[in-house]
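My entries follow in the order in which I looked.

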Amino acid sequence: MNSIEVRGASKTYDSKTLVLNGLNLTVQTGWIYGLIGPSGCGKTTLLSCILGMKQLDEGTINVLGQEVSYKNPSKFPHRIGYMPQETALVPELTIKETLNYFGNIYQMNPSLMKQRLIMICDLLDLHDGNKRVNHLSGGGKRRVSFAAALIHNPEILILDEPTVGLDSILREKIWKFQIESTKLSNTTVIITTHYIAEAEKSDCCGLMKNGVLLIEDSPQNIFKNLGVQNLEEAFLNLCIRENTGNNKNSLNDERPQCSHEFVNHKKVKEETKLSTETTKDLIHEKKKKFSNQTIKALLNKELVRIFRQPYEIGFTFVFPLLQVFCFTVALGKFSKELPLGVINRDVIDTNFCSEYLKSTNYEFNTSTCTFEHLSCYFLNEIDDKSVKKIYYNSFEEAFDEAKAAKTFGFISISSNFTDVMSQRKFDWQPISENFSYSNQISVYLDHTSLQFSYYLKNKLWKTFEKFNKKMLRHCELDERLEDFPLRFNTFHGELDADHTIMMYPGLFALAIMLGGILFSISSLSQNRIEGIWNRTLLAGVKTSEVLFSHVIILIFCDLIEIFVLKIATIFLLKSPIIGNQLLLGLFCLVLYMAGNSIGLFISVFTNNVAVLNSSGIMVVIAFTLSSGVVWPIEGLHSVLKYFSYITPLTLSIATIRNIVFKGFTITHPTVYGGFLLLSGWIILMLFLCYRMLKKKKFTD
Ligand SMILES: Nc1ncnc2c1ncn2[C@@H]1O[C@H](COP(=O)(O)OP(=O)(O)OP(=O)(O)O)[C@@H](O)[C@H]1O
């Protein structure tokens, strides 16, 4: 009986690299089949096609009596064990955890799994089961990888260079084990190796070159037919014959069949029965759609990985702390001493005011409504803590320093400031024509930094108002005369609220979305890069199960982040959250999940971490620019405006603002609208992610 049959297999990469060229291969049950050939001849490609990881262009492959292809993978994944060329393990797991993971995804009976684990660890000298894979030597890792392929006692073992990097004693041990298991359990092994001499121990050898098998026969027959002493000589001989066009054996159809002289056929028949029964005992024969054992194994693997990665766990806990810290310390505040230039022509020199004010004890020095050196009183009203006054003697000097960004701007007080201000009648009669009330204080500001120029403008208005009221009081006039007839009121927020409040919803939503995207990008891509992804799917685990486990882990991490965020907010952020805290927490969770699902979707396209991270950041920048964080969406181009409304960030900002500062509940359209939009994004992204993963199931 043949366990594996390949007929007329052809495969081309990128429509130009022909790797398999009508190749035929037969592996009988109970054989060890050694597949040898030069590097790059297509051995791994052939094994990938046999496993259903790659699609043949032409030809058929039969494994355990079933035709397999990329679209139609083996129905018996638990009857096949695969060890890839790269180690394809989770570095953070220990040896024991790794083998348990594989045992569980193969849905083994726990007690039999334990027995197999002890037996295999003993065989492969894996004595310290609690040692992490990333702390093992290269050879150690390969032994664990081999053990993972054996754990479920498969009927077919597909091994891609299993002995690379192992010492000769261990190599000998592995071959001994293979020979014994093929004899005793009728296991079929197909093995590729660089050590050509090793392959002499196989029952059948296939020498591969240029996409075909030059010969497929038992080593003894090869030696006899070619008159050579070893396989290396045989290979050279065949290559020379092929080059001179004199290789009869290169014609696959005329190829002699392997004589399977090492296998006791009588025994095989008995053992076939035994092996099938054992496999049935070890594994639940019919795989359930969603298996608890598999899901638990997937969740456990991801959790252990996260908690053993200092950066990952650091990111989970530190990122929300950093967020709140930045809101509290870095955002919305202004420099304590903003440098502002002053040219005061109202007095004789720059030092005059300080001496003069000291002599008057900083109060108007007459009891009548007459004034002198008023500019000194005005400047004294400017709060030194927020504005640092730098005095200049000339306009040019102040102008040059401001242009050189040494100050944020400057004020120039006119030489007749005191006269004009004094002559101003508080009964609102016009002042004399010789004096102009405007331009008494000229203000020059740097308008490339709008926040600062608005801040300084506001500060100067308020200072002047205060100064004016003082003058009115001094003249025994009602200071309300200075009041402006417009009065501003508020129904949401506070009139004097600082910039933190304005920026809070936008930046908060942005940080959550960015965190969600970046965290999920690493979650999926790590598995795909390490190769554990392919091995997991080859064990029969469904794409939906893998995706589901990732979503659960991400939700778990999101909850941790929200918890840390909440604690940090209580202690650090002094913003008035008047809305329902639970509703806000729930919305943050949905926003994190929207970020996660976008990140998962992005990570399907490539395994290049640098590309993934920059794609994530680019997506967030696009959402940010169109979301109203930088500029109100009302001012956007009309096309961009409509795009903006459906991006996940725009409505989220409004929702957060409305929950936090306006106390809106779930019944308000902007709040339930936010929830609905984000839910739509989550469903769409996860659906697309699932479809893409189904379409391109395995990674290269
Ligand atoms: N995904 C891919 N896209 C394009 N070319 C590929 C891809 N995978 C493999 N190849 C090319 O196909 C050829 C066969 O590669 P393969 O890995 O099957 O060789 P191999 O015999 O297993 O080599 P080795 O013994 O070094 O592992 C090589 O030339 C390789 O560059």
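Is α4 mostly covered or mostly uncovered, and how many of its 13 residues are buried? I noted first that this is a predicted model, in which local features need pLDDT of at least 70 and side-chain atom pairs count only at pLDDT 80 or more, while totals for chains, interfaces and linings use all residues. Residues are numbered from 1 along each chain as its sequence is written.

I found α4 mostly covered, with 11 of its 13 residues buried; buried here means that 20 or more other C-beta atoms, placed from the backbone, lie within 10 Å of the residue's own. Helices are DSSP runs of H or I with at least four residues, and strands are runs of E with at least two, numbered from the N terminus. The buried residues of α4, among them G140, F146 and L150, pack against β6 (80–83), α2 (95–105), α3 (110–123), β7 (156–160) and α5 (168–184).

I then looked up A147, which touches L99, I120, C121, L124 and L126, leaving aside residues up to four places away in sequence; contact means C-beta atoms, placed from the backbone, within 7 Å.

A147 is also among the residues with the most contacts inside the largest nonpolar core, which has 84 residues. Such a core is a set of buried Ala, Val, Leu, Ile, Met, Phe, Trp, Tyr and Cys residues joined through C-beta atoms within 7 Å. The largest share of this core, 6 residues, comes from α4.

Last, I checked the shell around the ligand, to which α1 gives the most, with 3 residues.

Key: A residue is buried if 20 or more other C-beta atoms lie within 10 Å of its own, exposed if 12 or fewer, and partly exposed in between; C-beta atoms are placed from the backbone. Two residues are in contact if their C-beta atoms, placed from the backbone, lie within 7 Å.
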